[in-house]
Number of protein chains: 4
Amino acid sequence: MPSSFGQTLRVTVFGQSHSPAIGCVVEGLPSGIVVDQDALATFMARRAPGQGSWTTPRREEDRPRIVSGLNVHGATCGAPLAAVIENTNTRSGDYANLLKVPRPGHADLTAWVKWHGNQDVPGGGHFSGRLTAPLCVAGGIALQVLAARGVRIGAHLLSVANVQDERFDALDNSPAAQAHLAEQLDTLSAGPRYPTIDADAGTRMLAAIDEARRSLDSVGGVIECVACGMPAGAGSPMFDGIENMLARAAFGIPAVKGIEFGRGFEVARLHGSENNDPYEMRDGVPTPKTNNAGGILGGITTGAPVLFRIAMKPTSSIAREQDSVDLESGTNAKLSVHGRHDPCVATRAVPVAEAVCALVLLDALLSYPAE
Amino acid sequence: MPSSFGQTLRVTVFGQSHSPAIGCVVEGLPSGIVVDQDALATFMARRAPGQGSWTTPRREEDRPRIVSGLNVHGATCGAPLAAVIENTNTRSGDYANLLKVPRPGHADLTAWVKWHGNQDVPGGGHFSGRLTAPLCVAGGIALQVLAARGVRIGAHLLSVANVQDERFDALDNSPAAQAHLAEQLDTLSAGPRYPTIDADAGTRMLAAIDEARRSLDSVGGVIECVACGMPAGAGSPMFDGIENMLARAAFGIPAVKGIEFGRGFEVARLHGSENNDPYEMRDGVPTPKTNNAGGILGGITTGAPVLFRIAMKPTSSIAREQDSVDLESGTNAKLSVHGRHDPCVATRAVPVAEAVCALVLLDALLSYPAE
Amino acid sequence: MPSSFGQTLRVTVFGQSHSPAIGCVVEGLPSGIVVDQDALATFMARRAPGQGSWTTPRREEDRPRIVSGLNVHGATCGAPLAAVIENTNTRSGDYANLLKVPRPGHADLTAWVKWHGNQDVPGGGHFSGRLTAPLCVAGGIALQVLAARGVRIGAHLLSVANVQDERFDALDNSPAAQAHLAEQLDTLSAGPRYPTIDADAGTRMLAAIDEARRSLDSVGGVIECVACGMPAGAGSPMFDGIENMLARAAFGIPAVKGIEFGRGFEVARLHGSENNDPYEMRDGVPTPKTNNAGGILGGITTGAPVLFRIAMKPTSSIAREQDSVDLESGTNAKLSVHGRHDPCVATRAVPVAEAVCALVLLDALLSYPAE
Amino acid sequence: MPSSFGQTLRVTVFGQSHSPAIGCVVEGLPSGIVVDQDALATFMARRAPGQGSWTTPRREEDRPRIVSGLNVHGATCGAPLAAVIENTNTRSGDYANLLKVPRPGHADLTAWVKWHGNQDVPGGGHFSGRLTAPLCVAGGIALQVLAARGVRIGAHLLSVANVQDERFDALDNSPAAQAHLAEQLDTLSAGPRYPTIDADAGTRMLAAIDEARRSLDSVGGVIECVACGMPAGAGSPMFDGIENMLARAAFGIPAVKGIEFGRGFEVARLHGSENNDPYEMRDGVPTPKTNNAGGILGGITTGAPVLFRIAMKPTSSIAREQDSVDLESGTNAKLSVHGRHDPCVATRAVPVAEAVCALVLLDALLSYPAE
């Protein structure tokens with residue numbers, strides 16, 4: 001079904017940008033897990049709007065209310081966990097004109113065609129980036145479960161426009177690289193900050209975003225995400241591999257237009273002798289010395305860090321005038337989108353990438369525990 | 001399940017490189033479709049080994065035997081269509097050493113971990129590129145169904161190593177670009193040929209592949225695939241969109257490490273004003289003037305060509321000596337892979353990309369016909 | 001996943017008897033359907049507790065709040081419809097003893113084993129009959145969609161203990177029988193009443209229930225459900241047939257221990273010449289003259305009424321002392337269940353059977369519209 | 001999908017009665033299981049036609065060829081196991097008339113409507129009882145896996161027409177009853193025999209079947225199936241419980257019209273104090289003293305035998321003249337079905353019930369191993 005994914009751990013997301021509430025249902029969580037609601041709130045805050053000059057001024061509490069799935073001790077009880085977030089701060093008036101003039105780059109037109117005009121228009125309806133909030137509730141809980149199993153996930157903004165952050169040191173798999181990668185993750189999780197490893201790169205990204213905003217425009221970016229500590233042997237061949245499942249879920253984040261693993265698109269220019277990761281015995285365990293594969297071979301984890309990058313397009317809603325059409329009169333029309341929009345959706349999507357990664361990897365761990 | 005995908009049209013692939021047979025089951029095909037077995041054989045031939053100097057000398061008939069799913073008139077009858085391809089030409093001896101020394105870059109090690117040593121080793125087992133043959137049977141039939149509905153799919157090798165073919169003219173959506181794209185597809189389907197639009201680029205790719213082979217090495221490449229004629233409104237929001245489903249299926253092709261749609265990773269460097277596709281009324285239909293979105297917005301088709309690219313890593317099996325481990329003795333080991341391997345798997349994967357594209361798009365058309 | 005069912009129309013139910021809220025998510029509803037909330041409330045009222053002497057005195061509003069899935073006109077918009085019902089009236093104290101002494105006939109013990117003691121105990125947790133409320137929200141909406149397509153569904157209590165209601169006149173398929181069946185359905189839907197066709201049978205059932213209550217005991221019953229107006233050709237062969245899907249869903253109603261279609265178990269004693277439904281042309285349409293098949297052949301509708309019966313066991317929670325065990329001390333124990341329990345769960349399950357029937361049949365209509 | 005079922009262990013069945021071949025694909029089998037092909041052949045023989053006067057004279061080898069899923073040691077390797085059975089003995093001429101005159105009680109008419117006349121008519125196509133052969137291949141392997149885990153499954157003909165076999169002693173759960181049940185299973189598996197516990201009942205059933213044949217008619221029957229040794233805690237709440245999944249799969253056996261668990265429909269007439277199974281500590285384990293629940297509470301196993309009964313209708317194809325219609329001319333018509341048909345399909349369905357039971361229970365064991 002369109003709004004759900006996962007095999008053993010299944011997440012269903014519901015809501016529209018301006019519906020009374022949004023939320024999620026998570027089926028298949030292991031029982032007996034006490035949800036740390038403070039940690040969850042901290043994680044959610046990273047996605048929340050209104051953090052700084054780079055985000056939309058729309059402010060919402062985004063406080064999820066967990067209405068089922070916990071027992072009297074606050075631990076998961078085997079039943080589906082459902083969380084509801086009220087939509088308290090909506091300004092549908094901003095969207096009045098959009099009812100008939102679809103925004104270029106947005107799903108307005110395709111939803112109109114698919115649902116014969118019955119789609120919920122204001123705020124993008126079910127296509128809104130706001131729907132990533134319940135995804136982060138589910139993912140935030142999955143992150144806690146994974147952390148207890150020794151899996152650590154982190155993401156950062158690798159680029160915005162032409163500004164680059166330093167890369168995760170995850171294409172190498174030497175002990176030194178592993179230690180360096182752990183430091184990079186420590187840096188990212190040290191506190192509320194713009195999500196780059198190199199703070200200076202973050203400053204320059206913010207400048208690029210601000211410049212776009214001032215020119216009534218927007219910019220895209222690339223998010224890089226890594227998961228350390230995944231045991232070897234998780235995942236599946238062919239169509240249920242880690243890459244398949246991560247890709248399927250990641251394209252559920254609005255604005256994602258590409259995904260690559262390990263060396264990614266670069267592999268197309270390499271020779272096998274450069275791209276293959278040779279093995280060595282390390283503490284009695286066969287271990288890849290490098291990690292061009294991004295931790296996955298044949299859809300199954302190698303034990304090296306799972307590494308992927310997603311390309312985010314620039315925010316579709318821009319104030320600059322664009323060509324569109326009037327669906328009522330069937331004529332050409334002009335459109336300038338007003339309202340509150342992030343000029344760079346990639347920034348707030350960083351924790352969403354972590355959430356999606358956590359959900360997919362936990363599902364893989366739960367789906368094939370005993371084969 | 002790992003070896004199947006699709007919602008309304010479901011494909012299950014079975015077999016190992018050296019099992020008695022391989023094959024597929026296709027559930028959900030519309031009834032009443034007469035399968036053109038000659039056209040299917042022609043399509044299969046594009047994937048078959050032994051076509052030229054660039055492929056493995058292993059020769060197989062790859063002639064699928066359709067054992068169920070057709071009625072007495074040779075038309076689909078509503079029951080699952082099953083096809084079986086016998087494995088007649090296997091040389092398991094080549095793989096004896098691989099039983100204990102996993103090939104870097106291959107799934108040998110991850111399968112060994114996942115299945116506790118029970119995996120079928122010879123030829124890569126279920127992970128073998130040979131499993132793309134039944135995928136092409138299913139996809140070849142889907143291509144026929146789509147053609148009858150006005151959808152035309154084609155793919156080519158966009159690059160091998162550093163050699164580039166010309167791009168599909170599909171990022172524009174003007175009538176002129178559409179006509180040019182149709183010509184490009186005509187060129188590709190004109191007859192048996194190396195799968196480039198520009199024949200000269202093909203010649204240079206073959207040279208690069210040959211050079212890799214002579215240095216006991218291999219090379220990667222990028223495949224670009226396009227589907228013209230998809231009606232607007234197919235697909236779904238969030239996790240069942242065209243991008244999600246194409247990505248999930250495409251990573252089922254061995255060696256794929258990245259996928260991107262429309263402008264792809266390039267969008268991360270663009271402004272919204274550059275990336276958004278403005279609309280205009282064309283013959284009474286709201287139509288995007290450009291196609292940076294690759295024919296998909298919010299997971300749903302816009303009516304413009306669906307366009308994606310996949311990155312294929314260089315063949316993992318290379319004759320050059322590599323570091324590996326001996327799983328029996330638990331010591332480091334050296335490995336040189338002999339046997340018959342394409343030095344560039346991307347070449348033969350071109351029709352496989354078309355097959356996967358056809359299966360996913362037909363599923364989308366069948367899944368949401370009447371909403 | 002355990003708490004969801006359906007292919008194109010998918011229902012996910014969440015909540016526990018005493019969790020903050022319960023609810024459902026319905027994916028795949030056709031767009032453009034204005035939900036009649038008054039009709040939905042009337043339908044829900046038939047399942048609600050506190051209607052008379054035969055039900056539990058626990059009173060709840062059971063007023064569902066639809067928090068997503070509707071557009072600004074109150075019509076379905078293509079996005080998942082989610083409904084939330086607050087749990088306002090809970091008395092967990094009643095269940096204190098049950099935390100360690102499982103009730104015979106209930107899921108207390110099996111849930112304790114499955115979830116290692118983490119299950120939510122009070123009120124039966126996720127296993128509570130209370131979870132049929134959100135099922136009725138989803139089913140109540142499906143009933144409205146089906147009614148607009150000419151499908152009418154009704155159910156009644158065929159028996160309680162040894163008291164029998166008259167049967168639906170649905171094993172015949174003559175025009176006279178069809179007219180009589182319509183009258184029976186009219187009688188049942190004429191207003192708030194005990195759910196029997198024959199009012200006198202209802203009076204005697206109530207007496208039997210009351211007698212059971214006075215002896216600190218409970219009684220079982222059989223529910224009969226019929227759907228008129230289903231077009232021929234809906235459903236699927238083998239494992240996705242109407243019978244398969246109705247059975248799977250019906251066993252999700254707590255206390256169901258058997259299901260049968262058409263003549264049901266009686267067919268085991270019949271000859272083929274008695275059980276086969278002969279055909280005749282009627283208004284140009286091949287039509288079964290009788291309906292021993294219950295409207296389904298090979299999993300696919302015949303056009304005759306879909307007819308099934310489900311056996312409901314007597315309420316497990318009884319005040320009479322029973323043998324059980326103390327899970328903490330690991331010794332034998334005695335248990336008398338106090339609290340508010342219907343002595344006959346079959347009564348309130350009548351609309352639930354209709355809800356389940358509606359959801360399954362609507363899914364069948366939506367899943368295979370165009371084959 | 002219609003022709004497949006299962007979550008972690010998924011079976012897909014393909015073929016038509018008279019297609020070149022039939023078969024199955026089984027995904028998700030644990031790896032490392034050496035399939036005992038002799039035991040499988042013995043199991044298949046119980047379903048095979050041509051065993052005696054009570055079955056169809058159509059003789060087929062029904063020898064499955066396992067074409068994938070095994071490694072070089074004959075053990076499951078993690079890849080899908082596919083088995084193919086050739087259709088060597090077909091007499092489509094028998095069915096010529098049926099192309100236009102649908103058999104009452106069969107799926108001929110409903111398939112014609114659903115697939116617009118494209119269905120494969122001869123022998124019932126995909127609806128044929130012959131499709132239970134590949135189901136038995138899959139189930140026969142599942143039985144072997146379960147036996148190695150201490151689960152024993154057996155079924156018998158509880159009744160044919162009005163002749164009754166003795167019941168499984170499985171509604172009690174005392175040690176004495178358990179021993180008696182084991183003896184009953186020993187009797188049934190002692191060698192090739194008509195599938196009753198009481199040999200005399202078998203003789204009388206054969207007489208009833210023979211009488212039906214002589215009157216150009218057929219008879220129905222009830223199959224009772226039991227699984228001993230299932231650990232407590234397997235299964236799931238609500239819609240994925242053991243009852244739900246067994247019911248869904250069992251209605252995939254052609255001619256099944258009802259299913260009940262434990263006391264079944266009888267519970268509707270019982271009081272709670274009669275139907276509840278009280279607990280006692282037995283060897284430190286909370287154990288139900290009786291087993292009216294058929295080994296399942298809340299969809300989850302109690303540790304007592306899983307017990308169910310299915311009602312099989314009389315064979316639809318009878319030689320006696322019946323009323324039908326001519327689909328070409330659109331007029332009423334008469335039909336007498338010639339050809340080779342069992343007058344009692346229940347007999348050969350006994351091992352099919354065991355197969356289905358094994359597949360569902362193994363899936364339950366594999367799906368929720370670690371919650």
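1. Helix α6(D) passes helix α8(D) in a right-handed crossing, a crossing being called right-handed if the near helix is turned clockwise from the far one by less than a right angle, and left-handed if anticlockwise. The axes of α6(D) and of α8 (residues 345-367) of chain D come within 9 Å and cross at roughly 145°; axes here are lines fitted to C-alpha atoms, for helices over the stretch in contact, with angles from 0 to 180 degrees between N-to-C directions. Helices (H or I, at least four residues) and strands (E, at least two) are DSSP runs, numbered from the N terminus.

2. On the α6(D) side the contact (heavy atoms within 4.5 Å) is made by D:I242, D:M245, D:L246, D:A249 and D:A250, and on the α8(D) side by D:V356, D:C357, D:V360, D:L361 and D:A364. These residues divide into ten nonpolar, no polar and no charged, where Ala, Val, Leu, Ile, Met, Phe, Trp, Tyr, Cys and Pro count as nonpolar, Asp, Glu, Lys and Arg as charged, and the others, Gly among them, as polar.

3. On the basis of the values, please keep in mind that this is a predicted model, in which local features need pLDDT of at least 70 and side-chain atom pairs count only at pLDDT 80 or more, while totals for chains, interfaces and linings use all residues. Residues are numbered from 1 along each chain as its sequence is written, chains are lettered from A and ligands numbered from 1 in the order in which they are written, and side-chain values use heavy atoms, with hydrogens and water left out.

4. Ten strands form an open sheet with antiparallel pairing, in the order β7(C)-β6(C)-β8(C)-β14(C)-β9(C)-β9(D)-β14(D)-β8(D)-β6(D)-β7(D); two strands pair if DSSP finds at least two bridges between them. β7 (163-164) of chain C and β7 (163-164) of chain D stand at the edges, each with a single partner strand, so one side of each is left without a neighbour in the sheet.

5. Within chain C, five bridges join β9 (residues 256-261) to β14 (residues 306-312), and C:E260 stands opposite C:R309 in β14(C). Helix α6 (residues 242-250) of chain D packs on the sheet, touching β9 of chain C together with β9 (256-261) and β14 (306-312) of chain D.

6. A:F127 lies in the loop between α2 (108-114) and α3 (132-148) of chain A, and counts as buried (under 20% relative accessible area; exposed is over 50%, partly exposed in between; 1.4 Å probe, protein chains only) because its relative accessibility is 13%.
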